[in-house]
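Colleague: I would like to learn how to read a model of this kind feature by feature, with the cut-offs stated as we go. Could you take me through the one shown here?

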Amino acid sequence: MDVITAAPAALPAAPTPAGLVGNTPVLWVGEPFTRPGRGFWAKLEGANPGGIKDRTALHMVRAARERGELAPGAPIVESTSGTLGLGLALAGITFGHPVTVVSDPGMEPMMRDLLTAYGARVHLVTRPHPVGGWQQARRGAVAALLANLPGAWCPDQYNNPDNVAAYRGLAHELIAQLGRIDVLVASVGTGGHSAGVGSVLRKVFPGLRVVGVDTTGSTIFGQPAAPRLMRGLGSSIHPRNVAYGMFAEVHWVAAAEAVWAARRLARCHYATGGWSAGAVALTARWLAETLPAGTRIAAIFPDGPQRYAGTVFCDAYCREHDLLGHVPPAEPDRIAHSGARTVTAWTRCTAVTDPLGDAPGGGR
Ligand SMILES: Cc1ncc(COP(=O)(O)O)c(C=O)c1O
């Protein structure tokens, strides 16, 4: 007798690659990454065609076109460590704009090749700015390119409010997937996705605790600038999109600790990402193990592992940078305020303030 089973429900077919953005899965990350009975939900943004920034690239470009700031066919120029570049390449193909991505020598060669394959031009700066580091050097290069390309438009992801608004959909997906959310754990680079997701979730769950994750050596939460290996999260400038007033606490994570977490996640749970997913997972694990049982934690993994084959998951690279064998402590160190001392390993602070001090409570 033939056994006929019902066909599994198919995902909707997408007529364009932009139609593949969003509706990413969530994965339960529990034992053995966490201790028995504890865990958190990871939102796998690596399931987007490029990564989490596909959402914001499409939204910023669409909004700029609607406002008439970006003319049909005009060039797009932006500074990015890569993830937004992938999104902009997608937006360029979708809306018909040439895209130039400005980055620095730390951009992974495979990311350069991938962006080129997607039709973007990659412009690498060669020297850091003496005060503002690589990021400031990249912004200077963007300004020079904009001055020479008539009609060119820069999304300015660090300060553009559309970068925040782009993440409303992600928040609504989480609500539909998880029902109730008590804690949101998000990495912070431009501040876009933590501010965007956090503000929507906060309206639905007024008691929501938002935990920001940064890298050591980043200036975002008031630490002094220092050389940073991790890309994606962290900054050497002060992005205006960071919603300081929203964060109950911030965790700074060192590169070796993020590598340990990303590798352990990969081995135990297959799904992982790179620097930011590792840092977020380390923080979410600690929260899951220390908050009351039943606390529902959503952690955002901004991209997948592929881009990190030559760094986080490369033994030679990790040995060269002394990133192997550093098992993080059971709990982070703690400082009373970000100016208390310079942190070089996993540390948390529950007094989150805007280092520029001009508008606590929501992105200046
Ligand atoms: C891989 C990765 N993780 C985290 C972030 C930080 O996200 P946001 O800029 O929304 O703060 C970025 C930003 O570029 C990223 O590319």
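Modeller: We start with the names of the elements: helices (H or I, at least four residues) and strands (E, at least two) are DSSP runs, numbered from the N terminus. Residues are numbered from 1 along each chain as its sequence is written. The model is predicted, so that local features need pLDDT of at least 70 and side-chain atom pairs count only at pLDDT 80 or more, whereas totals for chains, interfaces and linings use all residues.

Colleague: In which segment is Asn23 found, and what is its phi?

Modeller: Asn23 is found in the segment before β1, and its phi is positive, about 50°, although Asn23 is not a glycine. For burial, a residue is buried if 20 or more other C-beta atoms lie within 10 Å of its own, exposed if 12 or fewer, and partly exposed in between, with C-beta atoms placed from the backbone. Asn23 has 14 other C-beta atoms within 10 Å and is therefore partly exposed. Asp322, in the loop between α10 and β10, is another non-glycine residue with a positive phi, about 55°; because Asp322 has 10 other C-beta atoms within 10 Å, Asp322 is exposed.

Colleague: Which two residues does a cis peptide bond join?

Modeller: The cis bond joins Glu31 and Pro32, with omega about 10°, and Pro32 lies in the loop between β1 and β2 (40-44).

Colleague: How should I read the sheet, and what is the order of its strands?

Modeller: Strands of a sheet pair through backbone hydrogen bonds, either parallel or antiparallel, and two strands are taken to pair if DSSP finds at least two bridges between them. Here an open sheet of 8 strands runs in the order β1-β2-β9-β6-β7-β8-β11-β10, with mixed pairing. Its edge strands, each pairing on one side only, are β1 (26-29) and β10 (333-334). Between β8 and β11 (residues 347-349) the pairing is antiparallel, over 3 bridges, and His251 has Arg348 of β11 as its bridge partner.

Colleague: Taking a helix next, what span does α8 reach, and which of its residues are buried?

Modeller: The expected span of a helix is 1.5 Å times one less than its number of residues. Helix α8 (residues 255-269) has 15 residues and reaches 21 Å from its first C-alpha to its last, close to the expected 21 Å. Its buried residues are Ala255, Ala256, Glu257, Ala258, Val259, Trp260, Ala261, Ala262 and Leu265, and what covers them includes β8 (247-253), α9 (275-290) and α10 (315-320). After α8 comes Tyr270, with a positive phi near 65°.

Colleague: Where does Pro155 lie, and is Pro155 buried or exposed?

Modeller: Pro155 lies in the loop between α4 (133-148) and α5, and counts as buried because 27 C-beta neighbours lie inside 10 Å. Contact is a separate criterion: two residues are in contact if their C-beta atoms, placed from the backbone, lie within 7 Å. Leaving aside neighbours within four places in sequence, Pro155 is in contact with Met60, Ile76, Glu78 and Asn160.

Colleague: How is the protein chain divided into domains?

Modeller: Domain bounds come from an automatic or database domain assignment, which here gives domain 1 (17-47 + 163-349) and domain 2 (53-161). Their centres, taken over C-alpha atoms, are 24 Å apart, and the contact takes 27 residues from domain 1 and 26 residues from domain 2. On the side of domain 1 that touches domain 2, α5 (161-165) and α6 (168-178) each supply at least two residues, and the largest share, 3 residues, comes from α5. For classes, Ala, Val, Leu, Ile, Met, Phe, Trp, Tyr, Cys and Pro count as nonpolar, Asp, Glu, Lys and Arg as charged, and the others, Gly among them, as polar. By that scheme this side of domain 1 has 12 nonpolar, 11 polar and 4 charged residues.

Colleague: Finally, which residues come nearest to the ligand, and why does the ligand shell lie between the domains?

Modeller: A residue is near a molecule or strand if its C-beta atom, placed from the backbone, lies within 6 Å of it. Of the 17 residues around the ligand, Thr83, Gly189, Thr190, Gly232 and Ser276 come nearest. The elements giving two or more residues to this shell are α2 (83-95) and α7 (192-204), with α7 giving the most, 3 residues. By class the shell divides into 4 nonpolar, 11 polar and 2 charged residues. Domain 1 and domain 2 both give residues to the shell around the ligand, so it lies between them.
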